[in-house]
Amino acid sequence: MPSPLLTFIITLDEPLAIAAHPDPRQPAQTYDTLLGGLHTTPALVTHDGSWSGVQLGLTPLGARMLLGMPASPLANWDAEATDVIGGFATRLREAIVAQPDWAGRFAALDELLVGRAAEADLRYEVRPEVRYGWRRLRETNGVVGVAELAAETGLSARRLGSLFHAEFGLAPKEAGRVFRFDHARRRIGHTVAAGGTLAGLAAECGYYDQAHLAREFRSLAGCPPSQWLAEESAPPPGQEF
């Protein structure tokens, strides 16, 4: 699902199979380690009923430390991690697979990531206007408008959009959509369980109305919010609760 985080997945046994990517031009493929950029349409992952691995969510600003590059080249794209960060991805997977339990896997992951961060080249600094703009979108869950954001940074909307796209691969308006959607997706189950309505959720998350929320869900999740909620709440086939 679209989110404000890049996706880094390390498999433990079977490769990760992606049947449909955010960019429909990218063919179905399997991955031992995957790096996926920010995106505004969902990906479809398939498996035969059992799959295990570790998934990391990387902030675009923090990803520079791990990847040594901006998030933009990976926008709307999935890549084998070894093609992006070389042997480090292989070492991560080997270290995790060698551990007998989850405590050992996470300890090995922490050790390697901390070491990578300590060795990172931090000479490149993200422009403060871009850093500020991303943090404002995060703090407001994407509700702040582009014009307001540009005024707060002292840049024109066009200039801010150009800098945003160069760093993240998304313009401020697109990033705002992703932040709002991510917030709504995380809130929807709690809202409905507490007796709330989708109209109330739409207002809470900065949408014009319930219809606006539904359109955005269809665009970013591939289905309306009611369908997504029903499918997420349903027990897996063959299990009873």
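Reply: Happy to! Let's begin with an open sheet of three strands, whose order is 3-2-5 with antiparallel pairing. Strands here are DSSP runs of E with at least two residues, helices are runs of H or I with at least four, and both are numbered from the N terminus. Two strands pair if DSSP finds at least two bridges between them.

Me: Before we go on, what kind of model is this?

Reply: This is a predicted model: local features need pLDDT of at least 70, side-chain atom pairs count only at pLDDT 80 or more, and totals for chains, interfaces and linings use all residues. Residues are numbered from 1 along each chain as its sequence is written, and side-chain values use heavy atoms, leaving out hydrogens and water.

Me: Thanks. Which are the edge strands of that sheet?

Reply: Strand 3 (29–31) and strand 5 (44–46), each pairing on one side only. Strand 2 (residues 16–20) pairs with strand 3 in the antiparallel sense over three bridges, and Leu16 has Tyr31 as its bridge partner in strand 3.

Me: What about the open sheet of four strands, which order does that have?

Reply: The order is 6-1-4-7, with antiparallel pairing. Strand 6 (53–58) and strand 7 (78–80) each have a single partner strand, so one side of each is left without a neighbour in the sheet. On average, neighbouring strands of this sheet are turned by 20° against each other, direction ignored; axes are lines fitted to C-alpha atoms, for helices over the stretch in contact, and angles run from 0 to 180 degrees between N-to-C directions.

Me: How many bridges join strand 1 to strand 6?

Reply: Six, between antiparallel strands, with strand 1 covering residues 6–11. Ile9 stands opposite Gln55, and Ile10 stands opposite Val54.

Me: Which residues of strand 6 are on its covered face?

Reply: Val54, Leu56 and Leu58, while Gly53, Gln55 and Gly57 make up the uncovered face. In general, side chains in a regular strand alternate between the two faces of the sheet.

Me: Switching to helices, what does helix 3 lie across?

Reply: Helix 3 (residues 87–97) lies across strand 1, strand 4 (33–36) and strand 6, at about 50° to strand 1. Helix 4 (residues 102–118) packs on the sheet too, touching strand 1 and strand 6, and its direction makes about 40° with that of strand 6. Contact means heavy atoms within 4.5 Å.

Me: Which residues of helix 4 are buried?

Reply: Gly104, Arg105, Ala108 and Leu109. Buried means under 20% relative accessible area, exposed over 50%, partly exposed in between (1.4 Å probe, protein chains only). Seen down the axis, the buried residues of helix 4 fall within an arc of 135°, so they line one face; the arc is that of the directions from the helix axis to the C-beta atoms.

Me: What covers them?

Reply: Strand 1, strand 6 and helix 3 are included in that cover. On the other side of helix 4, Ala103, Glu111, Val114 and Ala118 are exposed.

Me: Last one: how many residues has the largest nonpolar core?

Reply: It has 55, and those with the most contacts inside it include Phe8, Trp134 and Leu213. Helix 8 (residues 172–193) gives the largest share, six residues. Such a core is a set of buried Ala, Val, Leu, Ile, Met, Phe, Trp, Tyr and Cys residues joined through side-chain atoms within 4.5 Å.
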